[in-house]
Amino acid sequence: MINEYDSRSCFWGLILNLIGKFFKALWHGLNFSRRLILNLVFFVIIVAALIAAFSSDEKITVSDNSVLRLNLNGFLVEELTYVDPLDAALKDLQDNGDQPNEILLDDVLQVIRRAAQDDKIQVLWLDLENLYGGHLDKLEVITQAIDEFKAADKKVIAHGAYYSQAQYYLAAHADTISLHPYGGIKIKGFASYPMYFKDALDKLKVTPHIFRVGTYKSAIEPLIRNDMSDAAKEANRLWLSELWQQYKTEISEARQFELDNFDETLDSYQAKIQAVQGDFAQYALTNGWVDELKTDQQLQSELIELVGYDSSGKTFKQISFYKYLDMIKPPVKFANPVSEKVAVIVARGAIEDGKRKAGKIGGDSTAALLKKARLNDKVKAVVLRIDSGGGSMFASETIRNEVLAIKAAGKPVIASMGSVAASGGYWIAASANEIWAAPSTITGSIGVFGAILTFENSLKELGIHSDGVSTTELNSVSIARGVDPQIKDIYQLSVENSYDKFISLVAKERNMDKAAVDKVAQGRVWTATQAKEFGLIDNLGYKQDAIEAAAKLANLDFYDVITIEQELSEKEQLLRQIFGSATVQSMLSSASDNSMMSVLTSGYLSPITSQVKQNLSVLNQFNDPSGTYVRCLVCEVTF
């Protein structure tokens, strides 16, 4: 028998059930609509992409007496980081992205050098507002190309609202530099300020177990300190000062003023700013950093007067960097099947075990590229272009073994160091026939460390415990239980053995005394000019110098240069062609959502969030099978 209470309960249960079903159906409807809209947008993009990719593009032409606008956008790199085209496109639908673009250094050099020989290009405009930066070695070779452009009796101008240190390094080589009257120049020297996490780990009750060799091997300090050690400060101050001296010397020679024109104390800087009543643009003009103050409109009028109007009659005759690159770069790479070759293999990024896409160095994948050069009968010499602070010791040795195999096959190998070739980056260079580096290359950091983070105390706070049995005492390492003191002693012995292998390797390959290597090792970082004094490198020079040296060792008078890189699958090539078109990029840009969080993280908070993210992402790169690393974490410096 059902009483009145039960009837009411059934009634309200039915009502609540109906309400639940209504909102559930409403949610499914909204979710379906959302997915339908996204799919429709994606479908429209695919159709537009296919039309843009496979229709005949409008032919790019250059008018007589034109301006080449070097409007670089992103960071200068030796090798573009692989990004799945579809993932990138879908990400752009959700936000504006937090990773700046990358600019291939070789593309910049090719454009400037071709324009120097192009009778239709008379002016090079350095429009550097969106150049995010690049190490000195990359900036140096671009300035060499700019000087070649000027030597062809052509004009170079630089104009901008603000100049960063990297931007100004290039601008200093212009015939004239102009600055917006409300702009400024940010030249403040070089610095290294890593983040330190000891207190954070203590609060989280995370236990770091550290194993290292090298007085100056400071890579692991952020896990065990809240500040930089005195030894690390001493070492970092030395190589940073050397880089700063190189920067100042290059600019003072280009601008023809004294080294003391650079402000290095707050007192002198404050006095100069007070003299111009806080006007940063006037300070730049008074100090000789720029030649004139000029608005964008005034610049346009000057260029119109210099080269004339374009076909629209509204602005000056010009072509952008990217359009000029599209015009001169062949759509398909073609290698002469007959000629002998010098092969270039780029090793850029952290060294990790296994296979990795471009932008990271995989022990197996980079060794495979070297093997491909070894097995190619037309390749007579190899240049290993290194831009890496190191990583996995095992992966580094895997790559070095392939270098030895190439040499055993009778082909010389030149190690060409880019921005940084330190620790594991030096390891893979050590066995080359010759080591070349730019004066500003950061190298050395010959040291070894290991690290294990355990969370036994963190888990206890959460009421989580680990217990059980084992057939031996060797199974005593666990992130949930900690590390036995005897195991820690064993790990330390292993790290010390690895360090001995490292300095022994360098001593053998560089024909040095082991004690002499140990003296300049200990994890200490050097610039290439300093490293050359110790015998760690053979010659100062750039990639082209290394290529010529490789050809000379192989006795090649006539040869082609090829870059051996990871090949994209047919699917990847198709997607890159589709989503790389200007039409699709424009659509994706307009479809992206500019959320409040993306505004915050891309603006005021960006330096903090990006630095934290970068520091934490390093932990994901620690995948050495034996847990032993040859990695320099302080070799990154902002330019």
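Trainee: Which residue of β6 stands opposite Val123?

Mentor: Val123 has Lys155 as its opposite number in β6. Keep in mind that this is a predicted model.

Trainee: How do you know that β4 and β6 count as paired strands?

Mentor: Two strands pair if there are at least two bridges between them. Strand β4 (residues 121–126) is joined to strand β6 (residues 155–163) by four bridges, so the pair meets the cut-off of at least two. The two strands run parallel. Another bridge partner to look for is Ala158 in β6, which goes with Leu126.

Trainee: What joins β6 to β7?

Mentor: Six bridges do, and β6 and strand β7 (residues 176–185) run parallel. In that pairing, Tyr163 stands opposite Ile185 of β7.

Trainee: What is the strand order in the open sheet?

Mentor: The six strands follow the order β9-β7-β6-β4-β1-β10, with parallel pairing.

Trainee: Why are β9 and β10 called edge strands?

Mentor: Each of them, β9 (292–293) and β10 (318–320), pairs on one side only.

Trainee: Now a single residue. Why is Asp147 called partly exposed?

Mentor: Its relative accessible area is 32%. Asp147 belongs to helix α4 (residues 136–151).

Trainee: Which residues of helix α20 are buried?

Mentor: In α20 (residues 543–553) they are Lys543, Ala546, Ile547, Ala549, Ala550 and Ala551. Each therefore has a relative accessible area under 20%.

Trainee: What do those buried residues pack against?

Mentor: Their partners are α3 (105–117) and the strands β11, β14 (379–388), β16 (413–422), β17 (434–437) and β24 (560–563). While you are there, look at Asn555, which follows α20 and has a positive phi, near 60°.

Trainee: What makes a space a cavity rather than a pocket?

Mentor: In a cavity the probe fits but cannot get out, whereas a pocket is open. The model has four cavities of 30 Å³ or more. About 60 Å³ of space lies in the largest cavity.

Trainee: Which residues lie nearest the centre of the largest cavity?

Mentor: Of the 13 lining residues, Glu79, Val346, Lys360, Thr366 and Gln566 lie nearest the centre. Both β11 (341–348) and α13 (363–375) give at least two residues to that lining. The lining has five nonpolar, four polar and four charged residues.

Trainee: How much space lies in the second largest pocket?

Mentor: About 540 Å³. That pocket is lined by 17 residues, and the closest to its centre are Phe190, Ala191, Ser192, Tyr193 and Leu240. Sorted by class, the lining has eight nonpolar, four polar and five charged residues.

Trainee: And for the whole protein chain, how many helices and strands are there?

Mentor: The chain has 24 helices and 25 strands. Its 639 residues include 45% that count as buried. The accessible surface is about 33,400 Å², with 54% belonging to carbon and sulfur atoms.

Technical notes. Residues are numbered from 1 along each chain as its sequence is written. This is a predicted model: local features need pLDDT of at least 70, side-chain atom pairs count only at pLDDT 80 or more; totals for chains, interfaces and linings use all residues. Side-chain values use heavy atoms; hydrogens and water are left out. On a 1 Å grid over the protein atoms alone, a cavity is a set of points where a 1.4 Å probe fits but cannot get out, and a pocket is an open set with protein on both sides within 12 Å along at least five of seven lines; lining residues have an atom within 4 Å of a point. Grid points are joined across faces, edges and corners, and a volume is the space filled by probe spheres set on the points. Ala, Val, Leu, Ile, Met, Phe, Trp, Tyr, Cys and Pro count as nonpolar, Asp, Glu, Lys and Arg as charged, and the others, Gly among them, as polar. Buried means under 20% relative accessible area, exposed over 50%, partly exposed in between (1.4 Å probe, protein chains only). Accessible areas come from the Shrake-Rupley method with a 1.4 Å probe; for residues, only the protein chains shown count as cover. Contact means heavy atoms within 4.5 Å.
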